[in-house]
Amino acid sequence: MNLLAVERIKLFSTRSPWWCALITLALTIGFAAIIAGATPSDSQLTLPATQFGGSQFGIAVVMVLAALAVTTEYRFNTIRTTFQAVPHRSPALIAKAVVVALVALVIGEIAAFGALGLGMLMRPDDNLGLHTAQDWMNVAGLGPVFAISAVLAVALGILIRHSAGAIALLLIYYLAVEELVQLIPKIGAHIHEWMPFNVANKFLRGSAVVDGPAPSDSPLSPGWALAYFAGIAIVFLLVALGVAKKRDA
Amino acid sequence: MIEANALTKRYGATTAVTELTFTARSGRVTGFLGPNGAGKSTTMRLILGLDSPDAGTALVDGVPYRQLEDPLRTVGAMLDATWRHPGRSGRDHLRWLAATNGLPDKRVDEVLALVGLTSAAGRRAGQYSLGMLQRLGIACTLLGDPRVLLFDEPVNGLDPEGMAWIRQLLHTLAAEGRTVFVSSHLLPEMAQTAQDLVVIGRGRLIYQGTMDDFVAQTSEHGVRVRTPHTDELRAALTGQAEFTEDGGAFVVSGLDSDRIGQLAFDAGATLHELSPITGSLEQAYLDLTRDAVEFAMPAASPSEATR
């Protein structure tokens with residue numbers, strides 16, 4: 001429990017997490033406002049449309065927050081002080097992953113419900129609301145997806161140690177690699193089915209959604225999709241812990 | 001107590017530390033001396049479990065560092081005062097560090113007062129001067145009231161007042177029975193601070209012992225003798241000692257001044273001067289580490305070669 005408090009103090013005593021959180025909220029809720037405002041009055045604003053900002057931009061900024069939480073420790077050498085105080089290392093790094101994941105979860109929930117709430121305020125006649133289980137997953141599911149993405153980013157931050165390198169890799173992967181994999185002849189589509197963010201999208205949006213970005217082609221059920229996504233993040237974290245433990249600090 | 005036993009550490013092709021064995025006792029300030037690049041910081045990282053040795057062991061009060069429970073309560077170490085997040089206040093830096101080992105926030109305020117940083121504790125550490133960062137670093141080492149303290153070049157870049165403050169603090173800590181292990185590449189600084197001395201060069205042990213012995217062993221550089229009776233003295237000294245002669249002045253090595261005086265008296269040589277030459281401590285250190293400097297200056301200026 002001490003170590004969770006440690007990481008909480010570390011995270012909230014610097015400015016960048018606050019800025020990243022604000023930017024995530026602004027992007028998610030702001031994008032919902034833009035879509036709500038731009039939808040013609042004779043057509044309906046759908047619930048998934050209010051959530052595009054979170055699932056598309058929000059994840060990226062939350063991963064920046066999470067990566068920075070560990071790479072700045074390497075940048076300013078406080079990671080060495082941390083390892084001096086916690087020589088087994090893994091407990092400190094796990095505590096960091098947990099705290100960052102919890103913060104990402106909270107940001108995700110505020111962002112998703114904020115976006116939905118603003119949509120409902122702006123389009124009171126469009127029958128927006130949490131009517132089905134899929135609706136619930138689409139909105140409340142953003143928090144867990146943010147949390148798992150954050151763990152992935154923490155793991156990558158531990159492995160790469162440099163802010164610019166870790167963030168560049170995360171964003172290039174997130175924004176480009178998963179899409180480009182589909183261009184590989186024959187096997188591309190099959191690989192894409194198992195790419196982590198594509199699978200996470202299956203959990204959030206299911207496969208019945210027709211408007212907005214193409215629905216996920218993952219063959220997993222939404223529940224298994226979330227478990228798969230979490231599993232990948234945990235594997236990365238375990239690898240990172242193993243490397244950090246053996247590496248000279 | 002700190003014990004290093006045959007510590008060896010390689011980074012790729014370079015060997016930073018080679019079979020280094022030494023002890024730093026409790027209740028003493030032990031100076032850890034060596035030229036830049038001698039392996040001092042590496043040794044400290046090995047002691048603190050930050051790096052893993054390729055061979056050998058380092059024990060703190062008989063235990064490997066990584067086996068210590070709540071290590072800050074046993075060992076306080078400042079390897080580099082700039083290890084802090086510039087956007088975080090000094091107090092918050094201490095708060096998270098205290099929390100790692102279950103130390104109360106009250107202790108944070110105590111150490112802030114101890115190092116005289118209370119009024120600046122709320123400011124972001126990025127705005128601290130080097131002197132304030134050193135004080136913050138020292139506050140970190142004192143958090144857990146540890147029995148063993150390590151400082152890597154704690155006076156580097158400090159003004160004379162700051163140096164005096166740190167020197168006084170190290171003495172106080174040792175007088176309380178703690179083990180104080182402090183590195184420097186400056187011997188004069190160490191001579192004022194340390195009671196024991198560990199000298200390394202190129203990662204190998206050159207000397208371990210007390211500062212007093214080190215001074216005694218290394219500072220005898222011969223005896224200067226002047227006489228009008230040069231022939232008599234030359235005859236008396238020949239075969240007894242090595243000497244150089246310049247006019248009426250001799251510099252004799254290998255004999256102490258009592259013995260030379262007696263020889264001169266027996267030979268009937270009047271002496272106008274008989275004085276031991278005590279080489280400077282700095283010179284002794286330079287002699288000792290001359291072969292162990294990693295990046296020697298070109299030979300054109302030999303006096304600069306070992307700086």
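How many residues does the contact take from chain A and from chain B? The contact takes 22 residues from chain A and 27 residues from chain B, where two residues are in contact if their C-beta atoms, placed from the backbone, lie within 7 Å. The model is predicted, and local features need pLDDT of at least 70, side-chain atom pairs count only at pLDDT 80 or more, and totals for chains, interfaces and linings use all residues. Residues are numbered from 1 along each chain as its sequence is written, while chains are lettered from A and ligands numbered from 1 in the order in which they are written.

On the side of chain A that touches chain B, helix H1 (2-12) and helix H5 (78-85) of chain A each supply at least two residues. Helices (H or I, at least four residues) and strands (E, at least two) are DSSP runs, numbered from the N terminus. H5(A) is mostly covered, with six of its eight residues buried; a residue is buried if 20 or more other C-beta atoms lie within 10 Å of its own, exposed if 12 or fewer, and partly exposed in between, the C-beta atoms being placed from the backbone. These buried residues are Ile79(A), Thr81(A), Thr82(A), Phe83(A), Gln84(A) and Ala85(A). Their cover includes helix H4 (52-75) and helix H6 (90-122) of chain A, together with strand E6 (75-78) and helix H2 (90-100) of chain B.

In chain B, helix H3 (residues 105-114) has Val108(B), Val111(B) and Leu112(B) buried. These residues lie on the same side of H3(B) because they cover an arc of only 105° around the axis, the arc being that of the directions from the helix axis to the C-beta atoms. The face turned away from the buried side of H3(B) carries the exposed residues Lys106(B) and Ala113(B). Among the elements that cover the buried residues of H3(B) are H2 and helix H4 (130-142) of chain B. Gly116(B), with a positive phi near 70°, follows H3(B).

Chain B also holds an open sheet of four strands in the order E2-E1-E4-E5, with antiparallel pairing; two strands pair if DSSP finds at least two bridges between them. Strand E2 (14-24) and strand E5 (63-64) of chain B stand at the edges, each with a single partner strand, so one side of each has no neighbour in the sheet. Strand E1 (residues 2-11) of chain B pairs with E2(B) in the antiparallel sense over seven bridges, and the bridge partner of Leu7(B) in E2(B) is Leu20(B).
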